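Let's take a walk through a protein fold together. Keep the picture open beside you and follow along as we go.

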Amino acid sequence: MENSYKICKYNKDNYEVFKNMVFDYFTKDLKIDLTDKQLEYVCKEIELHSEKNIGFLDLIFENENPIGFISYQIDSKESDWCEKEGFGCIREFYIIPSHRKKGFGEKLVKHAENNLAKLSISDIYLTADDEGSIIFYNKMGYSENGEICLKNNCKIYIKKIV
């Protein structure tokens, strides 16, 4: 990768760019229409989980321009999403389309995996249902485990990281 990149913990100065990426992620990738009020709620919930240390939210930048984000956590009863208590969970992950298939997504996922490993997490799961995401996650070492997530009705993929 020729251009410089950095991964940073989310801060409130990034709210508008984060909100725009969340909008694109939901409407274009997930094909879920959101009203402005729903978008604001989703972004504030992700932000709140990060502030309360229930989850983590990191952004990736290329040459100081935001190009993606990842939201992840350790599943616990404190979270509104606890499918596999004690597992790491990648909840939301997005790279802007112009920067996909250039290694940024891999760097962002590995960053989350490394942070979870530092917290003594040995297994991470995520959910996926579209072919492109499944191919990407399989390449990253995630394997379908035969379960369906009760929260979103998608297949669960697991990776052992330590």
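Predicted model: local features only at pLDDT ≥ 70, side-chain atom pairs only at ≥ 80, totals over all residues.

In which helix is His 49 found? His 49 is found in helix α2. Residues are numbered from 1 along each chain as its sequence is written, and side-chain values use heavy atoms, with hydrogens and water left out. Helices (H or I, at least four residues) and strands (E, at least two) are DSSP runs, numbered from the N terminus.

Back to His 49. With 12% relative accessibility, His 49 counts as buried; that word means under 20% relative accessible area, whereas exposed means over 50% and partly exposed is in between (1.4 Å probe, protein chains only). What does His 49 touch, leaving aside its neighbours within four places in sequence? His 49 is in contact with Ile 54, Gly 55, Asp 80 and Arg 91, where contact means heavy atoms within 4.5 Å. Look for Glu 78 too: it is 29 residues from His 49 along the chain, and the C-alpha atoms of the two are separated by 9.4 Å.

Now for the sheet. It is an open sheet of 7 strands with mixed pairing, in the order β1-β2-β3-β4-β5-β7-β6. Two strands pair if DSSP finds at least two bridges between them. At the edges sit β1 and β6 (143-148), each of which pairs on one side only. On average, neighbouring strands of this sheet are turned by 30° against each other, direction ignored. For angles like this, axes are lines fitted to C-alpha atoms, for helices over the stretch in contact, and angles run from 0 to 180 degrees between N-to-C directions.

Let's go along part of that order. Strand β1 (residues 5-9) is joined to β2 by 5 bridges, and the two run antiparallel. If you find Cys 8, you'll see that it stands opposite Leu 59 in β2. Strand β2 (residues 55-62) is mostly covered, with 7 of its 8 residues buried. β3 then pairs in the antiparallel sense with strand β4 (residues 88-95) over 7 bridges; Tyr 72 has Ile 90 in β4 as its bridge partner.

Next, the helices. α1 packs on the sheet and touches β2, β3 and β4, its direction making about 80° with that of β3. α2 lies across β1, β2, β3 and β4 and runs at about 110° to β2. How do α1 and helix α2 (residues 36-51) cross? Their axes come within 10 Å and cross at roughly 120°. By class, the contact of α1 with α2 has 9 nonpolar, no polar and 4 charged residues. In this count, Ala, Val, Leu, Ile, Met, Phe, Trp, Tyr, Cys and Pro are nonpolar, Asp, Glu, Lys and Arg are charged, and the others, Gly among them, are polar.

Asn 14 has its place in the loop between β1 and α1 (15-29). Is Asn 14 buried or exposed? Asn 14 is buried, because its relative accessible area is 13%. Leaving aside its neighbours within four places in sequence, Asn 14 is in contact with Leu 59 and Phe 61.

Most residues other than glycine have a negative phi. Asn 63, in the loop between β2 and β3, has a positive phi near 50°. The hairpin of β2 and β3 has 2 residues between the strands. Asn 63 is partly exposed, with a relative accessible area of 38%. Lys 101 also isn't a glycine, and has a positive phi of about 60°. Its place is in the loop between β4 and α3 (104-118), and at 88% relative accessibility Lys 101 counts as exposed.

Our last stop is Asp 123, in strand β5 (residues 123-128). Asp 123 counts as buried because its relative accessibility is 17%. Leaving aside its neighbours within four places in sequence, Asp 123 is in contact with Phe 87, Gly 88, Lys 159, Lys 160 and Ile 161.
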